[in-house]
Amino acid sequence: VTKVDWQRSRNGAAHHTQEYPCLELVVRRGQLFSLTLELSAAMDSEETFIFTVETGPEASEALHTKAVFQTSELEMSDTWTAAKDTQTENTVTVSLASPPDAVIGRYLLSTRVSSRCKHRDRKLGEFILLFNPWCPGTSFLLAPVQPPTQAHKARAPAHARPNDCFSEDDVFLASEEERQEYVLNDSGIIFRGVEKRIRAQGWNYGQHSISGEQFEEDILNICLSILDRSPSHQDSPATDVSCRHDPIYVTRIISAMVNSNDDRGVVQGQWQGKYGGGTSPLHWRGSVATLQKWFKGRSKPVKYGQCWVFAGVLCTVLRCLGIATRVVSNFNSAHDTDRNLSVDKYVDSFGRTLEDLTEDSMWNFHVWNESWFARKDLGPSYNGWQVLDATPQEESEGVFRCGPASVTAIREGDVHLAHDGPFVFAEVNADYVTWLWNEDESRERVYSDTKKIGRCISTKAVGSDSRVDITSLYKYPEGSRKERQGDSKAVKKLFSVEASGRRTRLRRAGGRGLWRDDLLEPATKPSITGKFKVLEPPMLGQDLKLALCLANLTSRAQRIRVNLSGATILYTRKPVAEILHESHAVRLGPQEEKKIPIMISYSQYKEDLTEDKKILLAAMCLVTKGEKLLVEKDITLEDFIIIKVLGPAVVGVVVAVEVTVVNPLLEKVKDCVLIVEGSGLLRGQLSLDVPSLEPQERASVQFDITPSKSGPRQLQVDLVSSHFPDIKGFVVIHVATAK
């Protein structure tokens, strides 16, 4: 063999890998790919090629990291195969295929002619093998693989037995629309905010990239290097590589490596609201810059990330390796540290969180991932979406990682199954209980809710930017028979103890039984109700105007002491600084309703507002005769940015974009900058100065982009200022191919 043509264009189109900028051929397992070999002399008809493929250090056939096979008539089997397609005097085109459970990664391909035993193998070069969501169990295709039909069988080569087929790839996903979204789409949306005000944030996954762009070179090679730098690979390289046929193993390794807690992983977490020496988590617009920085920094963890950053990076890596993956947001997400299926929060007489006593937490939202693959370790009932979470919250088998946990297992209450079912189950099912901690160190339950946690579980829709609520995949409707059955099963698995001593059993709404220490009886019917009402939309830079609405439910007058507090918070609901502290004496006549006006000026919160733009209000209402009512309200401040594309978008053609922003403050601001980014729309990042803005002034900035890729492309625009938190926006631009 004197020369090899890897047929990158043809193979790339057939394997959905043409977007990768790597120098090597990139193909997917369980599917044919073709090579054309130039020869120094013609081959005899009896001669065959003997191929060798090997991956990783100390490759061996025993570990399935090496295979030796020769061209023959294609026989369906679960081994590497090869066959001659066409032959001229000095060229031969051959088709090769790996088994659908082959180890993924970078391979070296060598060959020799069978009759020339004295000749050394000729190294043809390297190629990269990925997981194959298109592999349904039939491989004799060079067109994109689809589920077999009669027409499909008729197109199979004559030497293929149409009714025989490889077993399908564990990551096979039947829907082409879902494969386009969850494997090939290189941008997406991450949902943040609060349950009643969910906001979309654009994210550039960038797993497919254009060679030569400033931030987008060789993400695939970086993803493979993450596997090679894991502690498992450092401890036993050959064994680690041999396990990379299994998506369960690979996703568990990547889940640990995306955070830096136990290794030199990609992202370092920070939840204190201070980001000195690094980048604020809210300043990241995608995964590519993070992965590039980690790789160029020789595995030095990148500062800083929070849950959506970990989820965005994990999604990039797994889509890049060929596993269908999506980002999922859970609103009112529990972090249950003691595995008692209850988030216990302790507050003082003003409703302020006592951080030294409160170990559990309920985050406004938490973001994780789901990946689609079979669970041969659990059985086919648990195939499908699997929860993976790279945010370092709790250890799993001694390492900060989470999953894969079958979403079906979570819904059915099968929390004993691998991996990390109890933690994920609690994230969406725990009770929320608030305790008033008295000066004598006694406690009183002032609030409990069995339905508050695990709300509006959301992901991006297939083929559009809308939000899809997938809560029903995680739990049956509240109060339904199936929900009670699932809860009962989970509780039995988690609390396999009998009542004894001071333990008491609470039978909760919905029939779920749970063991708790010293849990009080359910609260008696309240004599008053209360809720916060927002009187004007809460805008960044403006005064906040609200009212606490109280209602007397009895036919007797009541006196109430209302202790109000407010604090700027992180999205984890961790308080940052107190901005409100006041007390009111209120008299309510029989059946009377009253509103207590509340005003928080911009000057009260501007110094302590975090980039999350969140404020938590609390009212502890102390009624005569000892009754207590706690009312809470999470507020997210709104902002404003509009992005318009001023004409049709076509590959290679300049098009103008107009961005309109508003100074949210009641004071003049200078030095504002627009940061613009978009995979397939811009090379690198664009930074544009914004003219000085008078108080609440609106201004427009225009700039040009030249799209380089067709299809839906996401353009992200952030207004950055030292005077207020970043204002973020994005638009999806549908780019047409050049005529």
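Biologist: Leaving aside its neighbours within four places in sequence, which residues is Q558 in contact with?

Modeller: This is a predicted model. In it, Q558 is in contact with S527, I528, N552, V586, R587, L588 and V623, once neighbours within four places in sequence are left aside. Contact here means heavy atoms within 4.5 Å.

Biologist: Why is Q558 called buried?

Modeller: Its relative accessible area is 4%. Buried means under 20%. The value of 4% falls under that cut-off, so Q558 counts as buried.

Biologist: What makes the pair Q558 and S527 a polar contact?

Modeller: Their side chains come together at 3.2 Å. The cut-off for N or O atoms is within 3.5 Å. The pair therefore meets it.

Biologist: Where does Q558 lie?

Modeller: Q558 is in strand β29. That strand covers residues 558-569 and runs antiparallel to β32, residues 614-623.

Biologist: How do you know that β29 and β32 pair?

Modeller: Ten bridges join them. Pairing needs at least two, so β29 and β32 qualify. As an example of the facing residues, S565 stands opposite A618 in β32.

Biologist: What order do the four strands of the open sheet take?

Modeller: The order is β30-β29-β32-β33, with antiparallel pairing.

Biologist: Why are β30 and β33 said to stand at the edges?

Modeller: Each has a single partner strand, so one side of each lacks a neighbour in the sheet. β30 spans 575-588 and β33 spans 628-636. From one strand to the next, the twist averages 15 degrees.

Biologist: Now D344. How do you know that D344 is buried?

Modeller: Its relative accessibility is 7%. That is under 20%, so the word buried applies. D344 is in strand β15, residues 342-347.

Biologist: What polar contacts does the side chain of D344 make with the side chains of N340 and S342?

Modeller: With the side chain of N340, the value is 3.5 Å. With the side chain of S342, it is 3.2 Å. Within 3.5 Å is the cut-off, so both pairs count.

Biologist: On to the helices. Which residues of α7 and α9 meet?

Modeller: From α7 come V250, T251, I254, S255 and V258. From α9 come F310, V313, L314, V317, L318 and L321.

Biologist: How many residues of each class does that contact of α7 with α9 have?

Modeller: It has nine nonpolar, two polar and no charged residues.

Biologist: How do the axes of α7 and α9 lie?

Modeller: They come within 10 Å and cross at roughly 145 degrees. The crossing is right-handed.

Key
Residues are numbered from 1 along each chain as its sequence is written. This is a predicted model: local features need pLDDT of at least 70, side-chain atom pairs count only at pLDDT 80 or more; totals for chains, interfaces and linings use all residues. Side-chain values use heavy atoms; hydrogens and water are left out. Axes are lines fitted to C-alpha atoms, for helices over the stretch in contact, and angles run from 0 to 180 degrees between N-to-C directions. A crossing is left-handed if the near helix is turned anticlockwise from the far one by less than a right angle, and right-handed if clockwise. Ala, Val, Leu, Ile, Met, Phe, Trp, Tyr, Cys and Pro count as nonpolar, Asp, Glu, Lys and Arg as charged, and the others, Gly among them, as polar. Buried means under 20% relative accessible area, exposed over 50%, partly exposed in between (1.4 Å probe, protein chains only). A polar contact is a pair of N or O atoms within 3.5 Å; within protein, one must be able to donate a hydrogen and the other to accept it, and residues adjacent in sequence count only if both atoms are side-chain atoms.
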